[in-house]
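Here is a short briefing on packing and charge pairing. Please look over the sequence and structure first.

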Amino acid sequence: MMERRGLLKGAAALVLAGLLKPVAALAAWNKAAFSSKTSADALKSLGTPSAEASGGIVIEAPQIAENGAVVPIEVTSNIAGTTSLAVLVEKNPYPLVAKFDFMEGALPFVKINAKMGETSDVRVVATARGKHYQATKEIKVTIGGCGG
Amino acid sequence: MAGPMKMRATLAGSYTDLRVLMTHPMATEQQTKGQPHFIQNLTVKVNGKTVIEGEISQAVSRNPVFSFRLKGGAKGDKIEVSWLDNKGDTNKTETAVA
Amino acid sequence: MKRTAILILLGFSAGPVLAEPTAREVTEAMKRDFHPRGQATMERIPQDAVQRICTETRDNPPAALAKQLEGDQMKTIVFPSGSLMGDWKRAEKLAQSGRGSMWNDKPGVDVGGSCYNCHQISPQETSYGTIGPSLLGFGKKRGNGPDVQRYVYGKIYNAKAYNACSQMPRLGYAGTLTEQQIKDLVALLLDPESPVNK
Amino acid sequence: MRAVIGSTVLALAFAPALAQQKSQFADYQRMTAEGSPVELFEIGGEELWKKPQGPMNASLEKCDLGKGPGVLKGAYAALPRYFKDVDRVMDLETRLLHCMMTLQGRSRDEATKALFGNADRPSEMEYLSAYIAGKSRGVKMAPGSSHPKEKESYQLGRALFFHRTGSWDFSCASCHGEEGKRIRMSDLPVLSDPKSARPLIATWPAYRVSNSQFKTMQWRINDCYRQMRMPEPTFASDATIALNMYLATTAKGAEYRGPGTKR
């Protein structure tokens, strides 16, 4: 407790000194999870190493994408008490794309545009009341244009 | 300097539909020879209270667009979305539910 | 019927006020409105006989003229002696690459044949174009004897020797691909070990 | 007449089959359009339109795009067109460049420094095009067609479209001349056919997901010529405007629905 207060005080001092922007001092970003090169490692770092397959997670995305630079992925969790959703593209160099925490007042829904290097499974892991659930969907990435 | 942001919040029956657009290069390690530049955190607040916190990676497409859904909601509710990138740049935008 | 069509194309269809510019006038407009960049010099603008006649006839020259053009083009092909089959393993990369000869390419470095842009080739590559015919199983159907090798080499080197107004670039004649690169592509289509023939 | 009726009947008979042939990317295209950041470019363009710049510290708000100084509604849908003040046909970007030079006093060199932008180097021209094109949403496309110079521009554009040249002997029609073809997985619209040209031209300029950047018609023409292995067409030259005129005229009558989102 003391230590935490000390840290916060330190951060506040840095903010006052103009060395850090206030948001920067407080925001958390799970570097270990985002630097993982496999989805298994990323999920371990997120604290969700195993998850049960669930039809309660709906992934809406095109089956086939015209370009991997932008692949729209919409995720809805119908599992009661869902508080977080993680989106992973299995074959990306760093599979974890995004993780959202939903508090009172937000529905467990998100739509994002993701980059995909190649055809891959997209995995979504939901956390609800301390349990983890998952669903996957394959998205085929194609090559278009002259390639110049 | 951060480019424009745009947000729209509209009542859609039992929930409020939120759509946010952000100007950002979202440059990957590969594109920048090891100097990636991307948004890492985003926060959605309703009337000052945080309802969504997101952590995102360089695999989110350039000029990110997000859709969220907020429980209930009423005309005039104040929505604020802010982001922070890996170089410490930030931006935020506010709108009222229409 | 065909002759009428050509006469129309050559200018008789234009209204009394304004005729469509001739190929020569278009060339002049391009000389005025384009500029050289990188390896893409202004020498690329004037049309040769093939380009001009194909433009003027909308790729449908009278048979005798087509034959004459094809004969002239055939003379441009430099056939190496010996086997024309190179290494199909190297060719897949060439077939995949859409680079080469553009103003932002480095000559000799960024080179490809753009083959998949228009053709189906190896079954593993499902993102293929359809402007040209599918080449899947090409060698399996035709074998890989000297005549077939010569045909494939010649076709890649100068497609206009076989079909005057073909949409396929003259990859050897234009200097985009080297002799070895064309040989490798011949192998991609004809070698029994190539995925094309599996 | 009978032939016309006959082909109509045929077309109707084949209509269900054609409907089934819709692009396999239909879902992808719908979802990327819904989640497109294209609006950001319209917003950024509006700021630039109103921002005083150049030696004369003036905004572009008095720029006459053909409907009178500062009138934006429907202006893009009526371009390219003949402009009496310069005795020349101009497309949107050519006219914008003209306004930057005349109203803001900027040099051509300075105003054309960043014509085609990327993430690190935004292009003023691209942002402005997004904003101005957006003001034509719902307006039928009707480029100029009555002045002799407009007719001349169309004729040159049409001839350029079919003109084969360059290292690889291409014309525009080499790729955009036959129904149902594609490059890799990209469908190739036949741009000389109004039926194919309309939906396509009515959604340019556009956010292109492959570049993740807003792109204009001057860029589209430039980049096609690059891939045709040609020298570079000069920005805002008569040849580029003529091609633009040919495409816009082929698409005329289409309701403008851009700025769009493309592969």
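**Salt bridges and packing**

C:Arg58 and C:Glu20 form a salt bridge, with their closest N and O atoms 3.6 Å apart. A salt bridge here is a side-chain nitrogen of Lys or Arg within 4 Å of a carboxyl oxygen of Asp or Glu. This is a predicted model: local features need pLDDT of at least 70, side-chain atom pairs count only at pLDDT 80 or more, and totals for chains, interfaces and linings use all residues. Side-chain values use heavy atoms, with hydrogens and water left out; residues are numbered from 1 along each chain as its sequence is written, and chains are lettered from A and ligands numbered from 1 in the order in which they are written.

**Charge pairs**

- C:Arg58 sits in the loop between helix H3 (49–56) and helix H4 (63–74) of chain C, and C:Glu20 in the loop between helix H1 (2–12) and helix H2 (23–33) of chain C, so the pair ties together parts that are 38 residues apart in sequence.
- Helices (H or I, at least four residues) and strands (E, at least two) are DSSP runs, numbered from the N terminus.
- C:Arg58 is partly exposed, at 26% relative accessible area; C:Glu20 is partly exposed too, at 23%.
- Buried means under 20% relative accessible area, exposed over 50%, and partly exposed in between (1.4 Å probe, protein chains only).
- D:Glu34 forms a salt bridge with A:Lys111, the closest N and O atoms being 3.7 Å apart.
- D:Glu34 lies in helix H2 (residues 26–34) of chain D and A:Lys111 in strand S7 (residues 106–114) of chain A, so this pair joins two chains.
- A:Lys111 is buried at 8%, while D:Glu34 is partly exposed at 41%.
- A network of salt bridges links A:Lys111, D:Asp27, D:Arg30 and D:Glu34.
- Over all chains, the search finds 38 salt bridges.

**Helix crossing in chain D**

- The axes of H7 (residues 148–161) and H11 (residues 238–250) of chain D come within 7 Å and cross at roughly 90 degrees.
- H7(D) and H11(D) are therefore roughly perpendicular (65 to 115 degrees).
- Their contact (heavy atoms within 4.5 Å) includes D:Tyr154 and D:Phe161 of H7(D) and D:Ile241 and D:Met245 of H11(D).

**Nonpolar core**

- The largest nonpolar core has 158 residues; A:Ile73, A:Phe100, B:Leu18, B:Phe68 and D:Trp49 touch the most other members.
- Such a core is a set of buried Ala, Val, Leu, Ile, Met, Phe, Trp, Tyr and Cys residues joined through side-chain atoms within 4.5 Å.
- A second, separate core of 9 residues includes A:Phe34 and A:Leu88.

Terms used:
Axes fitted to C-alpha atoms, helices over the stretch in contact; angles between N-to-C directions. Parallel < 35°, antiparallel > 145°, perpendicular 65-115°, else oblique.
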